[in-house]
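Let's take a walk through this one together. Have a look at the sequence and the 3D view first, and then we'll go region by region.

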Amino acid sequence: MRVLVVEDELRVRSFVERGLREAGFAVDAAADGEDGLRLGLVNPYDAIVLDLMLPRRDGLSVLRELRSGGRATPVLVLSARDEVEDRVRGLDAGADDYLPKPFAFAELLARVRALLRRGTARPSLLEVGDLKVDLLSRKAERAGVRLDLTQKEFALLEYLARHAGEVVTRTMISEHVWDMNFDSFSNVIDVYIRYLRRKIDEPFEKKLIHTRRGVGYMLSATP
Amino acid sequence: MNRSIRLRIALAVFTVVVSLVALQIVYVLQRFQHTFIEEVDDRLEEDLGDLRIVLGTDQLSQWIAQTAGEHRREDEFFIEIRDRENRLVARSTNVPDSGFPGTRGIDRSQKPLYWTFPHPRSRNGAREVRALETWVGDWHVCIGISLKEVQRWYWGLRKNLVTSLLAIAVLGGLSAYWVAARSLRPVAQIAAQARSLGGSNEGTLLPRTGSGDEIDRLAAVLNDLLSRIRAEVLRVRRLTADAAHALRTPLTAIRGHLELDAAASESGASDHVAVAIEQVDDLVRFVNRLLLLEKLESGLGESLARERLDLLTHAQALVDHLRVIAEERGVSLECHGESVAIDADATQIRQAIVNLLDNALRHTESGGKVSVEVGERGGWAELAVVDGGRGLPGDQLERVFERFYSTRAGTGAGTGLGLPIARAIARSYGGDVTATSPGGARFVLRLPLAG
């Protein structure tokens, strides 16, 4: 998988590059809009991470040129301004997703992966170790034992299972499971993770829910 | 003193008009009286001339009877004639037996004497008689004419003048009131406009009449002041916003690198890296809140799309979400009330409610209770959050809405921006958040009803 990162801020570009590489992607980087557009038109990238405020050519213009040049590559737009307007303009210009700065790298990674997964069939049964999550009947069991989950707990488990093996941040959880994101909700998520652990992990020796301090949570058969 | 300038001007004009016109009336009446008395004196002279002819003849008593008769209808005639030894020669019947009232008994070398005395049959002495005392040859003559007619004229005139005085003064006062009200109308408009002005109403200035009068010039000066204050406020705001904004890129970079370091190590983040990440997250939250507040207070949030919302539904949803937190803390959290529709952006309204709930939960100790009441009250959509804390002293009821103000009474540090943000959101919709302290603290979010 090959990803292009267009970002003029060296400090941000360096860790995005490094992080994506560590996650197993081949990464090209450009420091301005002209460079980014040239690379984007020449190489067949699987995804592009594009900052909006760029020297020489701004992000929106790069995006329009890419689209009018026939490139359907999924694009994740980064912006230092989290204004709704920016988001709308980015999506109008053909962006596939939008991430406001400052962001957690785990979130950027998850969003890039989500863009790459687009179009692939979603399984209706998710399995993590001996945990089975049936999305159709909305039932979960571990080692053949039926888990008695509330609606919210199931929704949280579903989200974790969809991103099994990946770290998900509290922001991602609250936006996707609660459909809204407020600072005070991170505590709520911690509480629900605790509820979930009590039902999924406590009765069993092997723990599936892992905490990545300062980042978020991960559902995985391997720690 | 009365607080209305209009009334004061009207009263002043009324007083001045009354004094001036009253002076004028006194002058006119005196001139009038003087003129009439002179006329009467002329008639007395004429009568005296006639008397000269008949005096000493046998026609005297006939003349007296005739003259008194002539005068009887309007101006009663008085006469008394005495000889040199002061013996009574003739006297009209209306002269009292005690003698002609008010005679001085002048001697022959003295000039004729004029005076006025009360009519002998006048009860209160209001009717008067004009009299002349003189010597004609060897006779000492006193004649008088009743001023009945003159006095009637005089009183009539005085009544008319006083009536018109009152009319003029009342009209003057009313016109002054009207003129003052008209000239002061721009002041009322300026006051009304000024009351609705906030820091965010950019470009809105005080109304100018364009007449160039004192009030117009005052409005111009105030507008100038307003523009300068706004420019200054804007500059400070921009400074805060720019500073917060400038922090975003370095924070993103710091956070990213820390996170990658944490992920690289097998056991996840070491304690100090995790603490550093959490600290950066706190800073990020803080910067985001500050930027949100700036955006709201500078009026940029007003461009958001509005939709029809039920305040109760949203309050109920948030209470359900946050109940787990309350339960963790041993606080009971409940929501009741009735549906009430508003037009607003759901995320913003939820943010405001969450901030109020967050504040209430942090200030309520275990075993306490936080309750939310939603409903329509006094033409507003209202959401009240009552906590089980120690309440707020009077001087803090407004201060809690200041940025970074903390009572430090609650558990868990807030950013000191939650309540200001809640208020700024409410105000951006024309509502408000206010605090009272009927025991615990009670915060009321008030929003305009949908419509």
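## A guided tour

Most residues other than glycine have a negative phi. So is A:A143 buried or exposed? With 11 other C-beta atoms within 10 Å, A:A143 is exposed.

A:R138 belongs to the loop between β7 (131-134) and β8 (139-142) of chain A. Its phi is positive too, about 50°, and A:R138 is not a glycine either. A:R138 counts as exposed because it has 12 C-beta neighbours inside 10 Å, and 12 or fewer is what it takes to be called exposed.

Between β5 (97-100) and α5 (105-117) you'll come across A:P102. The peptide bond joining A:K101 to A:P102 is cis, with an omega of about -5°. Most peptide bonds, by contrast, are trans.

Now step back and take in chain A as a whole. Chain A holds 8 helices and 12 strands. Of its 223 residues, 38% are buried. Among the contacts in chain A with a separation of 6 or more, 56% are between residues 24 or more positions apart.

How far can you trust the picture? The mean pLDDT of chain A is 85, and 92% of its residues reach 70 or more. Which of its elements sit at the two ends of that scale? Strand β1 (residues 2-6) of chain A has the highest mean pLDDT, 92, while helix α4 (residues 84-92) of chain A has the lowest, 67. Where pLDDT is low, the predicted coordinates should not be read in detail.

The contact between them takes 29 residues from chain A and 32 residues from chain B. On the side of chain A that touches chain B, α1 (10-22), α5 and α8 (185-200) each supply at least two residues. The largest share comes from α1(A), with 7 residues. By type, that side of chain A divides into 17 nonpolar, 4 polar and 8 charged residues.

Zoom in on B:A315: leaving aside residues up to four places away in sequence, B:A315 touches B:C335, B:I353, B:V372, B:V374 and B:L383.

Let's finish with a helix of chain B. Helix α9 (residues 418-428) of chain B is mostly covered, with 10 of its 11 residues buried. Among the buried ones are B:L419, B:I421, B:R423 and B:S428. What covers them? The buried residues of α9(B) have α5 (271-297), α7 (346-362), β11 (432-436) and β12 (442-448) of chain B among their covering elements. After α9(B) comes B:G430, whose phi is positive, near 85°.

Notes: Residues are numbered from 1 along each chain as its sequence is written. Chains are lettered from A and ligands numbered from 1 in the order in which they are written. This is a predicted model: local features need pLDDT of at least 70, side-chain atom pairs count only at pLDDT 80 or more; totals for chains, interfaces and linings use all residues. Helices (H or I, at least four residues) and strands (E, at least two) are DSSP runs, numbered from the N terminus. A residue is buried if 20 or more other C-beta atoms lie within 10 Å of its own, exposed if 12 or fewer, and partly exposed in between; C-beta atoms are placed from the backbone. Two residues are in contact if their C-beta atoms, placed from the backbone, lie within 7 Å. Ala, Val, Leu, Ile, Met, Phe, Trp, Tyr, Cys and Pro count as nonpolar, Asp, Glu, Lys and Arg as charged, and the others, Gly among them, as polar. pLDDT is the predictor's confidence in each residue, from 0 to 100.
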